[in-house]
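Dear colleague,

I am handing over the structure below, and after it you will find my notes on what turned up when I went through it. Please read them with the coordinates open beside you.

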Amino acid sequence: MITDSDRVQILSEALPYMQQFAGRTIVVKYGGAAMKEENLRQDVIRDVVTMSFMGLRPVLVHGGGPEINTWLTKLNIEPQFINGLRVTDAATMEVVEMVLVGRVNKQIVEMINLAGGSGVGLCGKDGNLIRARPQGNDEIGFVGEVSGINIGLLSTLLEAGHIPVVSSVATDETGQSYNINADTVAGELAAALGAEKLILLTDIAGILHNYKDPSTLYRSLTIQKARELMNSNVVSGGMIPKVQCCVRSLAQGVRAAHIVDGRVPHSLLLEIFTNSGVGSMIVASETLL
């Protein structure tokens with residue numbers, strides 16, 4: 001049982017981290033089990049609101065694949081994927097936008113508000129926040145990449161103490177909507193905002209030397225080491241785009257990128273406010289470890 005003395009001690013030990021990160025922007029990509037399981041959802045939202053009250057400036061970026069699949073099925077549209085990317089024709093794009101922007105985004109905002117924070121829901125279209133371009137593969141349809149970021153509206157909201165919640169839908173210069181990978185959006189927003197940290201919530205412990213053995217977790221590593229692990233196939237499959245996203249954000253000025261196990265209760269606070277953390281932290285060079 002946690003006593004009052006334990007709580008005070010925990011707060012005292014967190015003080016150096018609060019001082020270090022006060023006023024700094026933290027971009028969190030929210031997805032996986034942490035988005036699907038009710039107890040973990042509550043933990044993530046409480047962590048984000050706590051960060052805000054501690055003086056940090058969190059930005060939450062989300063996807064919503066399972067919910068999109070549910071609604072496509074309800075509308076008799078069969079979900080299709082090529083190399084892990086959702087095939088997004090015009091009808092599917094309408095559903096993606098409806099679900100991500102109109103449903104999932106507002107559910108997250110409501111949870112933040114109920115937890116005592118001030119959530120504001122956005123997509124890439126709002127304030128020209130994100131400009132999209134086609135990914136280049138006609139087979140997958142309206143799947144896009146980030147071609148530009150305009151942080152004006154986001155900066156205004158953060159300065160006013162709000163918690164922006166961003167869904168990964170944006171338009172190109174013609175007004176065509178595109179679905180963009182939420183990890184990519186989080187990384188590009190973190191870079192444009194000059195964020196202190198980019199945190200990707202996942203369903204694995206982090207970067208493992210042996211994916212079957214959690215004890216082989218890399219708790220901290222440099223960009224150079226991360227690239228070596230990708231080149232040697234230690235990092236493979238679905239982890240490659242996540243690590244690439246982290247490396248790209250670091251190369252653009254983000255101070256640290258984290259791949260964190262969202263299945264661990266309060267993983268965000270554990271990663272930010274403790275020495276041990278619960279995932280893998282990637283930094284630009286050894287001097288920052």
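In this predicted model, eight strands make up an open sheet of mixed pairing, and their order is S5-S8-S2-S1-S11-S13-S14-S12. The edges are taken by S5 and strand S12 (220-222), each of which has a single partner strand, so that one side of each is left without a neighbour in the sheet. From one strand to the next, the twist averages 20 degrees.

Within that order, strand S11 (residues 197-202) pairs with strand S13 (residues 256-261) in the parallel sense, over six bridges, and leucine 200 has isoleucine 259 in S13 as its bridge partner. Helix H7 (residues 182-193) lies across S11 as well as strand S1 (25-30), strand S2 (57-62) and strand S8 (163-167), and it runs at about 175 degrees to S1.

Asparagine 128, in the loop between strand S5 (119-123) and strand S6 (130-134), has a positive phi of about 50 degrees. Asparagine 233, in the loop between helix H8 (223-231) and helix H9 (239-251), likewise has a positive phi, of about 65 degrees, and this residue is exposed, with a relative accessible area of 58%.

Finally, phenylalanine 53 belongs to helix H3 (residues 38-53) and counts as exposed because its relative accessible area is 64%, where the cut-off is over 50%.

How values were computed:
Residues numbered from 1 in each chain as written. Predicted model: local features only at pLDDT ≥ 70, side-chain atom pairs only at ≥ 80, totals over all residues. Heavy atoms only, no water. Helix = DSSP H or I, 4+ residues; strand = E, 2+ residues; numbered from the N terminus. Buried < 20%, exposed > 50% of the residue type's maximum accessible area, 1.4 Å probe, protein only. Pairing = 2+ DSSP bridges. Axes fitted to C-alpha atoms, helices over the stretch in contact; angles between N-to-C directions. Contact = heavy atoms within 4.5 Å.
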